[in-house]
Amino acid sequence: MTNRTVLVLLDPATEVRTSVLELLTIARGLGRVEAVALEAPTVEVLAQLGAYGVETVHQAEPARDGTPVVGDERHLPAVVGASLAAAVRLTDADVVLLPTSFAAKEAAALAAHALGAGLVIDAASLRDEDGRIVAGKRVFAGSWDTECAVTTDVAVVTVRANSAVAQPAEAAVEPVTEGFAVEVAPSAVTLLSREVKADTSGRPPLDQAAIVVAGGRGTEGDFGPVEELADALGAAVGASRDAAFEGWWDSYVGQTGVTVAPRVYIGAGISGAPHHRGGMQASQVIVAVNSDPEAPIFEICDFAVVGQLADVLPQAAAEIRKRKA
Amino acid sequence: MRIVVAAKYVPDIATERGFQDRRVVRDPGEGTLNELDENAIEAALRLVEAERESGRIGPDDGEVIVVTMAGPDGDVALRKAFQLGVDRGIRVSDDALAGSDYFGTAAVLAAAVRRIGEQAPVDLVVTGMAALDGLGSVVPTLLGAELGLPVLNLAKKVELGSGDDAERVLTITREIDGVTERLSGPLPAVLSVTDAANQPRFPGFKLIMAARTKEIEAWSLADLGLDPAVAGTAGARTETLSATPRPERAEPEIVTDKGEGGVALADFLIRNDLV
């Protein structure tokens with residue numbers, strides 16, 4: 001087991017997200033950990049990777065027909081996928097781990113296709129069984145647990161956030177950055193523009209937060225109470241799909257939006273349609289606030305308040321601030 | 001404009017879903033067209049309709065063909081697609097397909113698209129953003145890789161350029177993981193659309209009636225000229241070891257707010273050490 005090499009995707013390489021720290025922790029349990037980046041990691045990032053036991057960062061130098069792929073294009077799934085496949089061939093790695101996101105899933109699929117590797121999407125656990133990688137998944141809106149073994153030599157796996165508690169290695173190492181050439185196949189797809197939404201909220205990202213407070217139709221467009229409770233808890237804010245489509249909030253929790261599995265999920269003014277439940281039912285503790293005592297979300301929660309969220313949420317926030325102080 | 005929509009027959013998410021012998025239970029009464037494929041069908045229909053309106057093609061030209069990989073129960077999904085107005089429905093069925101993984105599924109769908117393309121050129125393959133049973137979202141990408149076509153994934157907005165047939169360009173806008181991108185690629189291409197791309201239409205009465213008796217074409221692996229070893233359990237690169245239902249949650253504690261609901265909520269979080 002210890003001679004296995006595990007590659008972890010680090011994209012972007014300008015920060016190490018919590019989800020990547022979780023991946024590094026899981027990876028150390030499977031073998032020797034190395035990272036793959038599409039740009040030079042910063043000094044801070046290298047120090048953090050070292051603390052988590054990463055000995056080598058493989059920095060891809062992608063090129064198409066001899067022309068280097070630069071700028072935003074490096075983050076395109078085709079380029080990331082080709083880089084991961086090339087890194088596996090270079091290092092003879094056995095496992096590639098990526099965080100679960102739409103872009104990463106695309107890159108993972110392309111890498112696995114190029115390598116003839118087995119692919120697992122959205123694993124919640126990973127272990128070794130007789131030399132095979134076995135992935136656990138929580139499916140059907142968190143109602144079933146499945147386990148599958150990868151039967152090919154190489155396994156490409158995307159792992160959902162909050163699947164492990166990030167733990168630094170026992171001894172820090174000093175990572176070395178090594179460049180490697182990647183030939184990217186010609187593509188007819190052109191990137192016209194790419195804009196990364198700047199998050200100025202100061203809140204944790206929705207997909208990685210330990211606590212999530214989400215608002216739905218019941219907010220009637222006023223997310224003030226939702227934000228107030230979230231900030232008292234240091235939580236991320238999300239919405240239901242309906243609320244997001246109304247334009248009340250950007251990112252929504254649901255099986256077509258962000259899938260969350262936090263320690264605590266609080267849904268306010270959300271009835272709990274199957275679509276929404278598919279995106280949050282794997283949460284450890286579920287709390288609901290709804291004025292309708294018949295709301296389906298009450299069937300899957302651990303604690304609920306039947307009442308107006310505009311009254312309940314600010315009061316809860318004030319109480320938490322008071323008792324935390 | 002000839003468009004193939006790859007669709008899936010899935011267990012209805014409003015029903016109790018589960019596994020038997022490590023396979024997803026697909027009860028005939030509880031299966032349906034994957035809801036997100038309605039967005040794919042809508043996108044395809046609108047593209048063909050826009051072609052007709054612009055006069056690029058005649059009022060009776062253009063075709064939307066739905067292909068699905070399923071057993072005979074999957075006809076339910078194709079009938080639903082007919083109700084929405086698609087022209088042809090093809091079901092690829094073969095005992096050797098059971099247990100297909102992402103790659104097997106993509107290989108079979110790609111073979112079906114190639115076969116349709118032999119009849120007349122295919123301009124575009126459209127899919128939904130995910131199947132609501134597996135939620136992998138990788139089949140469109142793999143389908144593009146198998147067919148060697150450009151892939152434009154997870155479109156929220158779709159625009160088809162008005163250039164010459166030889167160089168028609170599809171441009172999409174997508175918002176994923178906090179990043180907004182505009183991408184373009186020439187036809188033929190693979191496109192996947194999100195549930196924010198459009199509002200699927202409601203079936204009209206005439207189409208509902210016609211859908212009942214419309215012909216469904218059934219193809220086997222042999223019809224596709226595909227080696228059974230690439231699909232089904234034989235071709236799968238993963239093996240399901242177990243599937244276990246999660247224990248039910250304990251009865252919830254429900255408080256009715258009489259002025260102290262917020263304090264009760266805070267108290268629940270604090271006493272369970274969740275803050």
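Counting pairs with both residues at pLDDT 80 or more, 41 residue pairs make polar contact across the interface of chain A and chain B. Keep in mind that this is a predicted model.

How many salt bridges link chain A and chain B? The count is eight. One to look at pairs the side chain of Glu35(B) with that of Arg241(A), at 4.0 Å from N to O.

Now for the interface as a whole. Chain A puts 82 residues into the contact and chain B puts in 76. The size of an interface is often quoted as the accessible area lost when the parts come together. Here, the area buried between chain A and chain B comes to about 6600 Å², and carbon and sulfur atoms give 61% of it. Which three residues supply more of the area that chain A buries against chain B than any other three? They are Phe140(A), Trp144(A) and Phe303(A), which supply 12% of that area.

### Strands that cross between the chains

Strands of a sheet pair through backbone hydrogen bonds, in either a parallel or an antiparallel way. Both kinds of pairing turn up between these two chains. For the parallel kind, strand E17 of chain A (residues 303-306) runs alongside strand E16 of chain B (residues 253-256), and four bridges join them. Within that pair, Val305(A) sits opposite Val255(B).

For the antiparallel kind, look at the open sheet of four strands ordered E7(A)-E8(A)-E9(A)-E15(B). Its edges are strand E7 (125-129) of chain A and strand E15 (238-245) of chain B; each has a single partner strand, so one side of each is left without a neighbour in the sheet. On average, neighbouring strands here are turned by 25° against each other, ignoring direction. At the E7(A) end, five bridges hold E7(A) and strand E8 (residues 132-139) of chain A in antiparallel pairing. Among them, Glu129(A) has Arg132(A) in E8(A) as its bridge partner.

### A parallel sheet in chain B

Chain B also has an open sheet of seven strands, in the order E9-E13-E8-E1-E6-E7-E14, with parallel pairing. Which strands stand at its edges? Strand E9 (151-155) and strand E14 (216-219) of chain B do, each pairing on one side only. Neighbouring strands are turned by 20° against each other on average, again with direction ignored. Inside the sheet, strand E1 (residues 2-7) and strand E6 (residues 63-69) of chain B share six bridges in the parallel sense. Val4(B), for instance, has Ile65(B) in E6(B) as its bridge partner.

| Cis peptide bond | Omega |
|---|---|
| Asp11(A) to Pro12(A) | about 5° |
| Leu187(B) to Pro188(B) | near -5° |

Where do the two prolines sit? Pro12(A) is in the loop between strand E1 (5-10) and helix H1 (18-28) of chain A. Pro188(B) is in the loop between strand E12 (179-186) and strand E13 (189-193) of chain B.

One more backbone detail is in chain A: Asp65(A) isn't a glycine, yet its phi is positive, at about 50°. You'll find Asp65(A) in the loop between strand E3 (56-64) and strand E4 (67-68) of chain A.

Conventions: Residues are numbered from 1 along each chain as its sequence is written. Chains are lettered from A and ligands numbered from 1 in the order in which they are written. This is a predicted model: local features need pLDDT of at least 70, side-chain atom pairs count only at pLDDT 80 or more; totals for chains, interfaces and linings use all residues. Side-chain values use heavy atoms; hydrogens and water are left out. Contact means heavy atoms within 4.5 Å. Buried area is the accessible area (1.4 Å probe) that two parts lose on being put together, summed over both. A polar contact is a pair of N or O atoms within 3.5 Å; within protein, one must be able to donate a hydrogen and the other to accept it, and residues adjacent in sequence count only if both atoms are side-chain atoms. Two strands pair if DSSP finds at least two bridges between them. Axes are lines fitted to C-alpha atoms, for helices over the stretch in contact, and angles run from 0 to 180 degrees between N-to-C directions.
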